[in-house]
Amino acid sequence: MFEEKLDALSQMMAEHMAMLFPPGFRGLEIVDHDMVMLGADAYGYASGALKGPLDQQRRAGLLRLTAVFEKVLPAIGDEYATKYYMHVRDMAVLAAEIETLRDE
């Protein structure tokens, strides 16, 4: 199951890289969060989770990031951007699940 989750995360990251960044979202802040950095941070944490266990600081950052999506997603008023950021959120959530499985 662990390896399957790693494979799924790798696939999600590849899909993310193939997606176009939502037009009009560069430099945009929603609920005090820079939308470019939100995606970049999620990708960075996911990449780290693929390579091996995250340290405590990065784990805490990943958990904070997943909570940010709960505030940001409802405030996005664009259909494509919502789809894009839901994918990014799902990628971060899967990375957090992988980190939890490492503890078991």
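This is a predicted model: local features need pLDDT of at least 70, side-chain atom pairs count only at pLDDT 80 or more; totals for chains, interfaces and linings use all residues.

Let's begin in the middle. The largest nonpolar core has 32 residues. Inside that core, the residues with the most contacts are L9, F69, I76 and Y85.

Take L9 as a way in. Setting aside its neighbours within four places in sequence, L9 is in contact with A46, A49, L50, M91, L94, A95 and I98. Some of those names will come back in a moment.

Helix α2 covers residues 35-51, and its axis comes within 9 Å of that of α4, with a crossing of roughly 30°. Angles under 35 degrees count as roughly parallel, and therefore α2 and α4 are roughly parallel to each other. The crossing is left-handed. On the α2 side, the contact is made by M35, V36, L38, G39, A42, Y43, A46, A49 and L50. Facing them from α4 are Y85, V88, M91, A92, A95, I98, E99 and R102. By type, the residues of this contact divide into 14 nonpolar, 1 polar and 2 charged.

On to the second pair, α3 and α4. Helix α3 is residues 56-72 and α4 is residues 79-103; their axes come within 10 Å and cross at roughly 145°. This crossing is left-handed too. From α3 we have R59, L62, L63, L65, T66, F69 and E70. They meet Y85, V88, R89, A92, V93, A95, A96, E99, R102 and D103 of α4. This contact divides into 10 nonpolar, 1 polar and 6 charged residues.

Let me finish with one of those charged residues, R89. Is R89 buried or exposed? This arginine sits in helix α4, and with a relative accessible area of 17% it is buried, because the cut-off for buried is under 20%. Which residues does R89 touch, leaving aside neighbours within four places in sequence? They are F69, E70 and L73. F69, remember, is among the residues with the most contacts inside the core.

That's my tour, and I'm happy to go back to any part of it.

Note on methods: Residues are numbered from 1 along each chain as its sequence is written. Side-chain values use heavy atoms; hydrogens and water are left out. Axes are lines fitted to C-alpha atoms, for helices over the stretch in contact, and angles run from 0 to 180 degrees between N-to-C directions. Helices (H or I, at least four residues) and strands (E, at least two) are DSSP runs, numbered from the N terminus. A crossing is left-handed if the near helix is turned anticlockwise from the far one by less than a right angle, and right-handed if clockwise. Contact means heavy atoms within 4.5 Å. Ala, Val, Leu, Ile, Met, Phe, Trp, Tyr, Cys and Pro count as nonpolar, Asp, Glu, Lys and Arg as charged, and the others, Gly among them, as polar. Angles under 35 degrees count as roughly parallel, over 145 as roughly antiparallel, 65 to 115 as roughly perpendicular and the rest as oblique. Buried means under 20% relative accessible area, exposed over 50%, partly exposed in between (1.4 Å probe, protein chains only). A nonpolar core is a set of buried Ala, Val, Leu, Ile, Met, Phe, Trp, Tyr and Cys residues joined through side-chain atoms within 4.5 Å.
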